Amino acid sequence: MSSVADRPAARPTGARASDLTPAAWLEAGQSLLRRGGLRALKLRPLAEELRVSTGSFYHHFRDFDDYQGQLARYFAEDQVSDLIDALERATPDPIARIRLLGQTVRRRGSSRLAIAMRAWAESDPRARAAVERHDTLMLDFLSRCLIAVGFTRDEAEIRAYGLITLGLSKVYAPHLDMVSLFDSLLDIMVARPD
């Protein structure tokens, strides 16, 4: 059985237009956002990402504005809820859940997507609401994990905030091993003061 961190994000390759689901279009949009930010999110590159015609887009979405609204909701709701559910099923150990979340975020490039969503949120209330909902769900998940290992709610919320901002940082530090950095910082964040 594969773990949450091993499962690839859904991305069709060479799919027929009739085989595509709205989720496939939303995943493709997230891929464009990850790579190029909001300026990359246009209908033609989206169709090219899926290797279909632009006309097939309208089988699932009224127009591009409708698509963007659904893309914002997708970032905030089902995707995050499904990830949290999978992490909770994967292991009973709350710290192992946080480590698995870190691995999943790195593998999926979720930090780049979250940064792009935050930039989009500066100009679109739908994206702003999505980022706020995403952060609420992630802060709650991380806080619950940290409370389960003995931190007070206040301590857990501060550490959860630190973990999220760690995931969003873009600090240039080529001398650090970025693969082990998250685990090392997590060890510091979950250490109880003496």
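In this predicted model, the side chains of Glu 88 and Arg 144 meet in a salt bridge with an N to O distance of 2.7 Å. The pair links distant parts of the chain, since Glu 88 lies in helix H4 (residues 78-90) and Arg 144 in helix H7, 56 residues apart. The count of salt bridges comes to 11, and the nonpolar side chains include a core of 30 residues.

**Salt bridges**

- Glu 88 is partly exposed, at a relative accessible area of 27%, and Arg 144 likewise counts as partly exposed, at 36%.
- Arg 99 and Asp 187 form a salt bridge through their side chains at 2.6 Å, N to O, and this pair connects helix H5 (residues 94-108) with helix H9 (residues 178-190) across 88 residues.
- Arg 99 is partly exposed with a relative accessible area of 24%, and Asp 187 is partly exposed with 41%.
- Asp 66 and Arg 62 meet in a salt bridge at 3.6 Å, N to O; Asp 66 counts as buried at 10% relative accessibility, whereas Arg 62 is exposed at 68%.

**Nonpolar cores**

- Within the largest nonpolar core, which has 30 residues, those with the most contacts are Trp 25, Leu 33, Tyr 67 and Met 117.
- At least two residues of this core come from each of helices H1 (22-36), H2 (43-50), H3 (64-76), H6 (110-121) and H7 (125-148).
- Setting aside residues up to four places away in sequence, Tyr 67 touches Trp 25, Leu 26, Gly 29, Leu 41, Leu 46, Phe 57 and Phe 61.
- A second, separate core of 22 residues includes Met 138, Ala 160, Leu 163 and Ile 164.

Technical notes: Residues numbered from 1 in each chain as written. Predicted model: local features only at pLDDT ≥ 70, side-chain atom pairs only at ≥ 80, totals over all residues. Heavy atoms only, no water. Core = buried A, V, L, I, M, F, W, Y, C linked by side-chain atoms within 4.5 Å. Buried < 20%, exposed > 50% of the residue type's maximum accessible area, 1.4 Å probe, protein only. Helix = DSSP H or I, 4+ residues; strand = E, 2+ residues; numbered from the N terminus. Contact = heavy atoms within 4.5 Å. Salt bridge = Lys/Arg side-chain N within 4 Å of Asp/Glu carboxyl O.
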